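Here's a quick briefing to read with the model open beside you. Take a look at the structure, then work through the points below.

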There are 2 protein chains.
Amino acid sequence: MTSIDDTDRENVLTAVEELLPELQEFVGDLVAERSVLGDEAGAQAVVRDRLEALDLSVRELNADDVDGIRDHPEFSDTGHSYESRSNLVAERSGTGEGRSLVFNGHVDVVPENDREKWSFDPFSGAVEDGRILGRGASDMKGGVGAMIFALAALDRAGVTLQGDLAIETVIEEEAGGFGGSLATALAGPAAGGAYDAVVIPEPTDFDMWIANDGVSYFRVTVEGKSAHAARTDDGVNAAAKLYPIFQALSELHDERKTSVHDPLFEQWYDQTVSLNLGSIHAGEWPSSVPDEATLEARISHAPAETREHIHTVVEETVREAADDPWFDEHPPTVEWFGWRGSSAKISTDEPIIHAVQDVMGTMNGESQPKGFPGGIDSRFFVNYADTPAICFGPGAHNIHGTDEFLPVDELERITKAYALLAMEWCGYEEDE
Amino acid sequence: MTSIDDTDRENVLTAVEELLPELQEFVGDLVAERSVLGDEAGAQAVVRDRLEALDLSVRELNADDVDGIRDHPEFSDTGHSYESRSNLVAERSGTGEGRSLVFNGHVDVVPENDREKWSFDPFSGAVEDGRILGRGASDMKGGVGAMIFALAALDRAGVTLQGDLAIETVIEEEAGGFGGSLATALAGPAAGGAYDAVVIPEPTDFDMWIANDGVSYFRVTVEGKSAHAARTDDGVNAAAKLYPIFQALSELHDERKTSVHDPLFEQWYDQTVSLNLGSIHAGEWPSSVPDEATLEARISHAPAETREHIHTVVEETVREAADDPWFDEHPPTVEWFGWRGSSAKISTDEPIIHAVQDVMGTMNGESQPKGFPGGIDSRFFVNYADTPAICFGPGAHNIHGTDEFLPVDELERITKAYALLAMEWCGYEEDE
């Protein structure tokens, strides 16, 4: 059940349908901008034009203008300066009493990788057979279009929200979100702009991600001793020394997948957390004993665990596996590097979750709250802005792979859902 | 005991001493030419000038002119064309009855690698504190100078050899010797130029290498199945699959070092053969399950073993270690790649060995026959030209490392040894 009047509902849904060709064109224009990490400006310009066409005043929120962001525990330097790489924030004030809502979408995309493997231009943006084609169509330029055109549809239908609505488009989510949603989450409340809920159009297939695992990358380095191949026993083979550590970490994964549980995660996959041994590298040449071996891995931790705990567990596992006199003088090192993300979780009782479920119910659908086994931007709002945040969007079609696309019917459906959600959450009035 | 008359001996040794400044300068000039693989021409030009100054006619022997060399089982393509990369052959005919001798030295050097680590210019060629400094001084531009100046000293002392003497300077020994000594070994007999012995000035520290291990490189590739880190168990970690194979090959080394013996090798090192696990590589990114893992290794085989045997042993070891249902559908592959060298061994009764020992005896020294645990150019003459060949040269001082040098007293001593060896082996007459 929603509080939305049937006629108002129909008017808004009709407005979305009328705007659909324009929406497809907008998403296509956005896909055509190859907005990989560092190159988000072109996509943001496309967004800005559209937001201004809705009579919104668009503010640039640059990570460099957020005090202390570089000292934030979740910040990592991606190696790209923030010059010409601002987030955009546009706010539509409500009439007064309603709850406020933020739609927050990222405009960056992962690279297309091997273009030869695509069966169409990765930055086509064309619509064929009812699908918008190209990198980012699902993740998440379709969703960004939907959240903007939801507001356009409300305007077209003469619906005015009671609560404030903000639209944020952010950068570098695919690299961790440091200068993107971390910046907007930190700046929002500081500027007096705390909101009552945040919705992020990740391609959740119309379910909701209301929790996520934390993620850490670590590198184990083991020292050996070089020697010529003909005298291999004069050396110490670092790759051989690494093996028991590799094995112990593999066993740690097995242990954790049976001992760490969160039902939000396990309703759609049989593990809450994982430890992935992503690479091992040792030596460069058959004729030398490798004098160094490295292992790089990704470990996730559940919302109920802390980063400190998981780091301790890994470091102890490595230390215990290094059970060999060689290691007394040459202890393996563990470095935590690169991307890191906190875990987050909101209560299943949060009103925003019920609002989404109510809206989807009126559309003959449903939306299950789930946990996502990795980093998502919602964690910044939950952990650092005390704001309930969820991911809720269309399907994920070949995201991060080749031939990414988004079915137009999913684009239409999520746009309708966003428009109705804004009405349901913020409350609304019809224009005179 | 040698057959050399005391006075003749003294005259020749004196001639070497008189030529020593000129010899040092020549070696310095040769060191100053950075004759790494592919860039041997400058060094060969320095050699040619000197050989012509000895009234020798110098012939270019290019690998491209040796019929069928590219089909030879020992040939590998280094990726460098042989244009402007000839070997040089200069022959001095003897007066008649004596045994013939070849001095064969390579003019290429291994790269200097990190120049910053050197305490002097790697291509200095200067003499300081009684040492000739620079890459190649020991391996083997000093030896090349010694073999040329041995002939110069004989000329200066008025000694004419009875047997023919050839001086060969060759390319790409450090890369395997395919277009170098393999070419001269194959061309020699074909051109009617079979000799009775070959001496190569490798830095043997005045001992002799009369045998060598064969060497093969191989690569084991194991297939896995990629998956995102969050679903690591949906993938198959290729690095984990590689481990039992790594372990089995490590055990093969342990087994072979106790079961394969040749006393020529074990008098100076406790193993005859080795299997070195030189590199393992799997995965590029902590967030993905690695879908391929490779191991590269070098295995040596003793003179009593064949390459075919050792290949079979490795392939069977890998097959047996791949004892896992995954491998039924995804068997590991073994490729033999890159450098390969045959093993070789001559009898300790070969007269050239005794000749060297006799000469060294007259110089208050000795020379032990040994086996070398890798590829040396002598194998080509032994295996493909039916000619006894040994390596015999000065000390090895930081060869293939930083700050390579050669003590001038070792240069003088080996030059004297070569001159006396030529007299002893070929027989001689004094000029009228």
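Let's start with a spot in chain B: Met140(B) sits in helix 3 (residues 137-156) of chain B, with helices (H or I, at least four residues) and strands (E, at least two) taken as DSSP runs numbered from the N terminus. The peptide bond leading from Asp139(B) into Met140(B) is cis, with omega near -10°.

Keep in mind that this is a predicted model, in which local features need pLDDT of at least 70 and side-chain atom pairs count only at pLDDT 80 or more, while totals for chains, interfaces and linings use all residues. Residues are numbered from 1 along each chain as its sequence is written, chains are lettered from A and ligands numbered from 1 in the order in which they are written, and side-chain values use heavy atoms, with hydrogens and water left out.

- Met140(A) belongs to helix 3 (residues 137-156) of chain A.
- Asn398(A) has a phi near 60°, which is a positive value in a residue other than glycine.
- You'll find Asn398(A) in the loop between strand 16 (389-392) and strand 17 of chain A.

**How the two chains meet**

- The contact (heavy atoms within 4.5 Å) draws 41 residues from chain A and 41 residues from chain B.
- About 3400 Å² is buried between chain A and chain B, with carbon and sulfur atoms giving 52% of that; buried area here is the accessible area (1.4 Å probe) that two parts lose on being put together, summed over both.
- On the chain A side, Tyr243(A), Tyr269(A) and Pro286(A) lose the most area to chain B, together 20% of what that side buries.
- Across the interface there are 26 residue pairs in polar contact, both at pLDDT 80 or more; the rule asks for a pair of N or O atoms within 3.5 Å, where within protein one must be able to donate a hydrogen and the other to accept it, and residues adjacent in sequence count only if both atoms are side-chain atoms.
- Helix 5 (238-259), strand 11 (275-282) and strand 12 (292-301) of chain A each supply at least two residues of the side that touches chain B.
- Strand 11 of chain A gives the largest share of that side, 8 residues.
- By class, the side of chain A that touches chain B has 21 nonpolar, 13 polar and 7 charged residues; Ala, Val, Leu, Ile, Met, Phe, Trp, Tyr, Cys and Pro count as nonpolar, Asp, Glu, Lys and Arg as charged, and the others, Gly among them, as polar.

**Strands and symmetry**

- Strand 11 of chain A runs antiparallel to strand 11 (residues 275-282) of chain B, joined by 3 bridges; two strands pair if DSSP finds at least two bridges between them.
- In that pairing, Ala282(A) stands opposite Ile280(B).
- A rotation of 180° with 0.1 Å of shift along its axis superposes chain A on chain B, at an RMSD of 0.1 Å, using least squares on the C-alpha atoms of residues with pLDDT of at least 70 in both.
- That is the relation of a two-fold axis.
- His281(A) comes closest to the rotation axis of the residues of chain A, at 2.3 Å (C-alpha).
- Both copies use the same surface, as 100% of the contact residues of chain A recur in chain B.

- In chain A, 3 strands form an open, antiparallel sheet in the order 4-5-17.
- Strand 4 (127-128) and strand 17 (405-407) of chain A stand at the edges with a single partner strand each, so one side of each is left without a neighbour in the sheet.
- Strand 5 (residues 131-133) and strand 17 of chain A pair over 3 bridges, with Ile132(A) opposite Leu406(A).

**Salt bridges**

- Over all chains the count is 50 salt bridges, each a side-chain nitrogen of Lys or Arg within 4 Å of a carboxyl oxygen of Asp or Glu.
- Between chain A and chain B there are 2 salt bridges.
- Lys257(A) forms a salt bridge with Asp233(B), with the closest N and O atoms 2.5 Å apart.
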